[in-house]
Amino acid sequence: MTQLLRVQNFGVSADGIGAGENQRLDQPFGDGVDPWRLFSWAGATASWPNRTDPGGSRGLDDYFTRDFTHNIGAEIMGRNKFGPQRGPWTDHEWQGWWGDEPPFHTPVFVLTHHERPSITLGETTFHFVGGDPAAVLERAKEAAQGKDVRLGGGVTTIRQFLDADLVDTLHVAVSPFELGTGLPLWKSPEDLLDRFHLDVVPSPSGVTHHLFWRR
């Protein structure tokens with residue numbers, strides 16, 4: 001069975017912005033971007049993994065939230081998604097945004113020009129790797145042991161793999177507000193229609209789910 005490279009539950013604004021500039025420890029999504037505005041649709045669902053109270057919505061949004069880990073054997077992410085440090089690693093004690101029990105529960109391949117030893121936190125092992133996207137994907141597929149690989153982001157990383165024509169499916173949740181400035185995933189979803197089919201499905205929560213699959 002073919003292993004897929006999948007983008008899942010990636011949030012952007014109505015003008016395609018997925019993160020702001022100047023990402024740092026106190027602003028993981030950068031200037032002017034409140035991540036809750038992009039992901040509140042998932043946080044309101046019954047299947048949101050950080051839910052501490054009963055209830056939550058069912059239906060379409062809940063389906064996508066519940067499906068996030070289905071058949072995923074490894075993840076690829078950019079260094080910005082791991083943490084705010086830039087350049088050579090000067091602080092090996094600080095081990096990323098994700099705490100002692102990261103939510104991935106798989107091998108995670110962090111793209112960086114400055115490799116460092118792998119670290120294991122809970123059920124997640126982070127590998128810090130260089131190389132071109134195709135080579136990193138091959139390593140991730142091997143680690144996934146026949147399951148699919150999730151391309152976790154951020155925006156720059158997804159664009160790198162799109163430009164290398166390596167992405168098989170994308171699910172992008174478009175929120176009903178504009179940010180104006182930041183890092184865009186696209187100018188328009190139609191930018192991807194030369195390579196992908198597209199279904200657009202509105203949700204009662206206000207987000208619009210864009211589902212792309214390779215032609």
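Tutor: Keep in mind that this is a predicted model. Let's start with one spot: F196 stands opposite R214 in β11.

Student: What makes β10 and β11 a pair?
Tutor: Two strands pair if there are at least two bridges between them. Strands β10 (residues 196–202) and β11 have seven, in the antiparallel sense, so by that cut-off of at least two they count as paired.

Student: How many residues lie between the strands in that hairpin?
Tutor: Five, and G206 in this hairpin takes a positive phi near 110°.

Student: Which way do β8 and β11 pair?
Tutor: Strand β8 (residues 169–174) and β11 (residues 208–214) are antiparallel, over six bridges. V172, for instance, has H210 in β11 as its bridge partner.

Student: And in which sense do β4 and β6 run?
Tutor: Parallel: five bridges join β4 (residues 107–111) to β6 (residues 124–129). There, F109 stands opposite H127 in β6.

Student: Why is β10 called an edge strand?
Tutor: Look at the order of the nine strands in this open sheet: β5-β6-β4-β3-β7-β1-β8-β11-β10, with mixed pairing. Both β5 (119–121) and β10 pair on one side only, and they are the edge strands. From one strand to the next, the twist averages 20°.

Student: How do you know that helix α4 touches the sheet?
Tutor: Contact means heavy atoms within 4.5 Å. Helix α4 (residues 133–144) touches β1, β3, β4, β6 and β7, so it meets that cut-off with each of these strands. The direction of α4 makes about 150° with that of β3.

Notes: Residues are numbered from 1 along each chain as its sequence is written. This is a predicted model: local features need pLDDT of at least 70, side-chain atom pairs count only at pLDDT 80 or more; totals for chains, interfaces and linings use all residues. Side-chain values use heavy atoms; hydrogens and water are left out. Helices (H or I, at least four residues) and strands (E, at least two) are DSSP runs, numbered from the N terminus. Axes are lines fitted to C-alpha atoms, for helices over the stretch in contact, and angles run from 0 to 180 degrees between N-to-C directions.
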